[in-house]
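Let's take a walk through this one together.

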Amino acid sequence: MNKNLTDGINFLSKLNNKRIWNYVKLMASYYISKTTGKAFVNAKPTSLEIEPTTSCNLRCPQCPSGLREFTRNTGMLDLPLYKKIIDETHQELVWLILYFQGEPFLNKQFLEFVKYAAQKNIYTATSSNAHYFTDDMAKATVESGLDRLIISIDGTTQDTYSKYRIGGNVEKVIEGTERLLYWKKKLNRKTPHIIWQFIVFKHNEQQLPEIKKLAKQVGVDELGIKTAQIYDYQTSDNFIPENKDLSRYEKLPDGLYQIKNKLLNQCWRMWRGSVITWDGLVVPCCFDKDATHRFGDVSTQTFSEVWHSDKYNNFRNAILKSRKEIDICTNCTEGTKVWN
């Protein structure tokens, strides 16, 4: 069976009447809000991103974790806070991304997070640089019930890979992937669905044919080609690919760049779910890496209180009124092709 189809069937198995009805209500709320221009939310989130840690072993130059430049607190998510969040949201929650910033597997409790969500029949996903998959860790990861694992591999050679993944070793990535695939086969498991993610930069765009060949050779379930988010795109093209189709940005006549997204006054993410930092702060989405827009704190509040708060709805209203004026939206791809 096609591996993407298998993954899709696995996802659909997480649905039940309550979760489907909640999703329908979310969609209705979103379209009512778009039509009226006033935020209305009559359901609970269908997805969440929860941050296991801000720590990372690499020093990627377009990442706050890699640059060690957070203005917010850094640390590790603990199990009691995590369980509180899941207990308050699991009945409607379908999709859980255990990642925001940092390397998730640095949190020693990470697989406990996965197991707890799996017990609630929630689809779990994470993203890793794959430097910690010893044989024992690979086996434990497969056994945990993790549904999807995105592995970053932005080059087929060490020279190319390390230009962005500074401090990393591409051979470790490949070997870690192979261990995971071995244990999937050994244990006769269909999960996790293993995706190699290749972020396209100027220095690696020529390796696209090679990464496709290598992905097939190793036997990953899927290869994802992703455009890069560049923080200083207006003034620097050090990382922006030459191939226009592989870039989020377009060059202007004056030599500067602008994002291709027209930033329409809408954003499904604000209705679909939230991002929660390791210490319980609820923020709009993954583009708010420093948690500058804080709607509440689930370590002291219930998630429902935050989700339906005036602060959250005021932000949704701001999106509907003038998204271009919101700082974290100016480098966002949401809405480029969907919901227009």
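**Pockets, cavities and packed helices**

Start with the second largest pocket, which has a volume of about 280 Å³. Keep in mind that you're looking at a predicted model. The lining of this pocket takes in 14 residues, and the ones nearest its centre are Gln229, Tyr231, Phe287, Asp327 and Ile328. Sort the lining by class and you get five nonpolar, five polar and four charged residues.

Rolling a probe the size of a water molecule over the atoms shows where empty space is left. Over the whole structure, that search turns up three cavities of 30 Å³ or more. The largest cavity has a volume of about 60 Å³. Around it you'll find Cys267, Met270, Cys285, Phe287, Phe315, Ile319, Arg323, Ile328, Cys329 and Cys332. That lining comes out as nine nonpolar residues, no polar ones and one charged.

Two packed helices are described by the angle between their axes and the distance between the axes. Helix 4 covers residues 79-89 and helix 5 covers residues 110-119; their axes come within 11 Å and cross at roughly 20°. An angle under 35 degrees counts as roughly parallel, so helix 4 and helix 5 are roughly parallel to each other. Their crossing is right-handed. On the helix 4 side, Leu79, Tyr82, Lys83, Ile86 and Asp87 make the contact, and they meet Glu112, Phe113, Val114, Tyr116 and Ala117 of helix 5. Taken by class, this contact has seven nonpolar residues, three charged ones and no polar ones.

Next, compare that with another pair, helix 6 (residues 135-144) and helix 8 (residues 170-186). Here the axes come within 9 Å and cross at roughly 50°. The two helices are therefore oblique to each other. Helix 6 also passes helix 8 in a right-handed crossing. From helix 6, Asp135, Ala138, Lys139, Thr141 and Val142 reach Arg179, Leu180, Trp183 and Lys184 in helix 8. This contact has four nonpolar residues, one polar and four charged.

Finally, follow the chain out of helix 8 and look at its backbone. Most residues other than glycine have a negative phi, and most peptide bonds are trans. The loop between helix 8 and strand 5 contains asparagine 188, which has a positive phi of about 55° although it is not a glycine. Proline 192 sits in the loop between helix 8 and strand 5 (193-200) too. What kind of peptide bond joins threonine 191 and proline 192? It is a cis bond, with omega about 0°.

Technical notes:
Residues are numbered from 1 along each chain as its sequence is written. This is a predicted model: local features need pLDDT of at least 70, side-chain atom pairs count only at pLDDT 80 or more; totals for chains, interfaces and linings use all residues. Side-chain values use heavy atoms; hydrogens and water are left out. Axes are lines fitted to C-alpha atoms, for helices over the stretch in contact, and angles run from 0 to 180 degrees between N-to-C directions. Helices (H or I, at least four residues) and strands (E, at least two) are DSSP runs, numbered from the N terminus. Angles under 35 degrees count as roughly parallel, over 145 as roughly antiparallel, 65 to 115 as roughly perpendicular and the rest as oblique. A crossing is left-handed if the near helix is turned anticlockwise from the far one by less than a right angle, and right-handed if clockwise. Contact means heavy atoms within 4.5 Å. Ala, Val, Leu, Ile, Met, Phe, Trp, Tyr, Cys and Pro count as nonpolar, Asp, Glu, Lys and Arg as charged, and the others, Gly among them, as polar. On a 1 Å grid over the protein atoms alone, a cavity is a set of points where a 1.4 Å probe fits but cannot get out, and a pocket is an open set with protein on both sides within 12 Å along at least five of seven lines; lining residues have an atom within 4 Å of a point. Grid points are joined across faces, edges and corners, and a volume is the space filled by probe spheres set on the points.
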